[in-house]
Structures are given as C-alpha cells and as structure tokens.
Amino acid sequence: MSDRVIDCRGMVCPQPVINTKRAIEAANAGRITVIVDNQVAKTNVAKFAAASGLGAAIEEQGGHYYITMMKGAEQQPAAPAAPVVADDDAGSQVYLITQNTMGHGSPELGQVLIKAFITTLLEIKPRPAALLLINSGVKLAVQGSPVIEPLQILAERGVTVLSCGTCLDYYQLQSQLAVGDITNMYTIVETISHKKTVTI
Amino acid sequence: MGPGDLAGILRQLPVMHNPNVLVGITTSDDAGVYKLNETTALVQTVDFFTPIVDDPYLFGQIAAANSLSDIYAMGAMPLTALNLVAFPQGKLAGEVLLAILQGGRDKVAEAGAVIIGGHTIDDDEPKYGLAVTGITHPNKVWTNAGAQPGDALVLTKALGTGILASADRASLFPEGVAAAAASMAALNAVAAQIASDFSVHACTDITGFGLLGHVFEMAAGSNVSIVINSQALPLLPDAAEAAAMGLVPAGAYANRNYLQTVTFADSVKENIRDICFDPQTSGGLLFAVPGHQGEALAVALANAGLVDVNVIGQVTAQGEGDIYVR
C-alpha cells in the first residue's frame, strides 16, 4: 500500500486528468489524492476516476478540492492495456452503516452486535466493496472505537471505508479519524444508487 | 468569451439603427446582413482564435473554414476575405506564419473566394482568422429565427471537436483527434449548396456555444421549443470515450451553466450531455426544414459525400426557447 498526493493546483484541463492518469498507472495499489483548485478540474478528475472503475471521495477545503481514489486489487483501472488481475475474493456488496450500534433495543447489546458484525466481515468471501459510515456510524472509524482493528484490516484488504464528513464535523471527530477516508453525500448517494447496498 | 459574459456586455451598448440592416447584432446570428439594393445584400462576419492543432498549415485551413462557415450559415456565397493575424515575431519561425497563411489561402481558394488584404500584429500567442464578405439575395437570407413547429432539424457534421482538442493535448485518442481535424478543416459549402434546394426555415452553424447553445439561439430567436434526439447525434470517433474520462473543456461547463432551459431525459448519459455542450470549432450547419423534408435533406447531403449527417430533432411548438433532450 502506498499513498500518493498529486498536486494539480494552478493547472488547467486537461493537465489534471493527464497527471491523474499517470499517477494511477504508476501506482501499484493504494490511495491517490489529487488536489485541484477549480470546479472544472474537480469534475473532470472525478469523471476520470469513474471511467477507471475507481470510487472517488471529494472534499472541499478552502476552495481546493481533494479527490481521493483507492487503487486496490479489485479496482483495476479500465485502461485497455492493463493486465487484469483475478481476485476471487473481491466483492461488490456495499454496507451503509447508520449508527455505532446494531439493531434497535438495548444499546449494550447493539455494541456487542456491531463488533461481531464488523469482525465477521473479515471472514466473509467475497469481501465487501465498501463500508459507508453515516451519523453515529462514523464513531466506528475514529480513535478508541472497539472495531478499529477489524476496520483497518478490511481497508488493507482493499475494502473502501468512507465516513461522512458532515457527521464527523457534527460529532467533532474529524481529527480523530483512524481508518479510511472522508466522503460526502454526493459520493454516498452515487455509490448506493449504483451498487447493491444493505443498510445497517 | 462565454455566452453569458458577452451578452451582458453587449446589452450595455445602444443599438445602431439603419433600415438597410436586415440582420444585426440584436439577434445572436452568425453574420450581419446589409441590403445594398433589391437584389443584393452584403453578408459580413469575422472570427479568429488561437491554434487548436499543432500543424500550422492545418490550423490555417481550420481557421479559414470556421470563418467562412458563418457566410454559408446565412445562405450566402463568400466573395472576399481579409486575414487577421497575431504572431510572436522572433519567437516562432517565419515558416510557421507562412504555413498558417498558406492553409488559409488554400481554404479560401477552395471556397471560390479571394483574400484581398489583412492585418498582422505582434503578440505572445499566435492567432488567426478571417473577416469574410459574401453576398446573397435579400429575400433569401437564412437566419436562426425562422424555425417553425413541425420542422425537422438536420445537422451536417459530427460533434466533439472541443473534447478531442483536449484529448490531443493529453496525447490520447489519436484516431478521434485526426477525424476531428479533418472535420474542422472541411468547408460547409456543399451542405449549404445542397440545402438551398430545400425550404430552409432557419440555419445556424455549431461553434463555440456548443450544439445546445446554438439550438437555444435558434429556439429563442424563433419563439419555439425544440426536442433533440440524443441517440441520433453524429459523434466523432472516440468523443464519447474521451468525454467519459474527463477530457471535457472548461467551455463545455460554461455553456452548460449558461443554458438554464435545457432538460435532459434521465437516460441521456453524462458524457453525451457533455458532448451536447462541447464548444465546436468549425462545426456543421444546423438546418430547420419542414418535417417531411428532413430525411430527404439528410439523404441528399449524404449522397453529396457528407458522412456524418443526421436528423437530430424536431421543432415541437411555440415556446420560449425550451429544449428537451431525450
């Protein structure tokens, strides 16, 4: 796994797309963050990510856009010449996790259940494509969470773990995110519209 | 400039009235028309831009074809042209300027017109284009304001030159880039000639505001609504793929933001929407002809060798420029 940051601020299209393409082709696997400073570049880089089969999380900070893509074994770019690596364990299931406990009833039981659920995901084949954490679900991905270890293992195996930025802000946990990336409602809606999704 | 910016500035200038002006700056048309007498009207236009291809001779051809196109879009014949040149003297070799002017000269000659002068300035970035004068009969002027409900819309060139110019800068999609260059360098002379045998209610050429920007000008100018069939749009090779991977020029987004009266059916994919707004250089002519003549015009144009012609939509009803893309 490697993290790459491609700073395309000050560049006009198509240069950010060209640089993103080069970075994705050069990277083996890992997280690639492209920084741009205009809407056109943001939209075009997001289009490129989608065309390459990579999910993209977009965050705006002070007029700059941080577009984060995860290149994993199950997310080969759709480049025609790229050799396709078979990964029998890669799945397409998305889980939308809306709270830090599981089910309605006793909160204590709910905490036991969510821990069992996340841990069990480690055993399931094919593994999930993504976990989308919203509302108190984001508490699962921050420092001190009881499931931080299994979530980190899932992320290392290529499962995309995304936490809702608005929710992290609300709970004032943005600086404590310990696994995965920050996302927004657009990416969440786009993901659950296109992928088979189960809501927890 | 984007359509919104330009309109905002032009609105601040008082209109100049003259009874001989048949088409002026108030109607967003392709060229101005001035009536000389009962049988002859002058048609005048000017256009120039920065290089869109690396090859200077090809750039000269494209710039000239683009400038001449406005004359054809008014149903006129080009007579004379003046070169407009900006060139970084000392930074680029004189042969580059020669090649640009040779390309323009050859294209004007192909159009049966003649270059009778021009003006050159020193500038950091090369620019080239022409001011062109043509003539037509005052009663036979094609404007963008005559489309009628029931008309069919016929487009004579494939779309995607702006997206493929981006692809060219990214050194991607060489096949599509070559096809775009050939399309941009092609005159609209044959299309205009063939269409003159049909009942042309309205005509415009597709350039910087993109297909839907110019469709909007026709719809608003004619007080009608227009439906575009996205599946019938002729596309340059690789244009859809290049748009899908984000090679969409900033001008396409500017056109999209400006056009508030466009509605897309859910089934129209994002990359096709981008192509609908893509700024075109030296694009095709868009004709509005009576509905029953649409297919016949398309067939006649295809028989004349224009391979990317299609009936792409219909004028539906009175309206205020609403556009629906299905």
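Predicted model: local features only at pLDDT ≥ 70, side-chain atom pairs only at ≥ 80, totals over all residues.
In chain B, strand β2 covers residues 32-35 and strand β3 covers residues 41-49; the two strands are antiparallel and are paired through 4 bridges. Together β2(B) and β3(B) make a hairpin, with 5 residues lying between the two strands. Within this pairing, V33(B) is placed opposite V43(B) of β3(B). Strand β3(B) also pairs with strand β6 of chain B, residues 127-136. These two strands run antiparallel as well, and 9 bridges join them. Here T45(B) faces V132(B), a residue of β6(B), across the pairing.

Helix α2 of chain B spans residues 56-73, a run of 18 residues. The distance from its first C-alpha to its last is 26 Å, close to the 26 Å expected at 1.5 Å a residue. A residue counts as buried when 20 or more other C-beta atoms lie within 10 Å of its own. By this criterion 16 of the 18 residues of α2(B) are buried, so the helix is largely enclosed by the rest of the structure. After α2(B) comes G75(B), which has a positive phi, near 80°.

The largest nonpolar core contains 155 residues. The members that touch the most other members are L153(B), V154(B), L164(B), A242(B) and F287(B). Helix α2(B) supplies the largest share of this core, with 9 residues. For A242(B), when residues up to four places away in sequence are not counted, the contacts are I163(B), L164(B), A167(B), L172(B), F173(B), G176(B) and L247(B).

Conventions: Residues numbered from 1 in each chain as written. Chains lettered and ligands numbered in written order. Pairing = 2+ DSSP bridges. Expected span 1.5 Å × (residues − 1). Buried ≥ 20, exposed ≤ 12 C-beta atoms within 10 Å, placed from the backbone. Core = buried A, V, L, I, M, F, W, Y, C linked by C-beta atoms within 7 Å. Contact = placed C-beta atoms within 7 Å.
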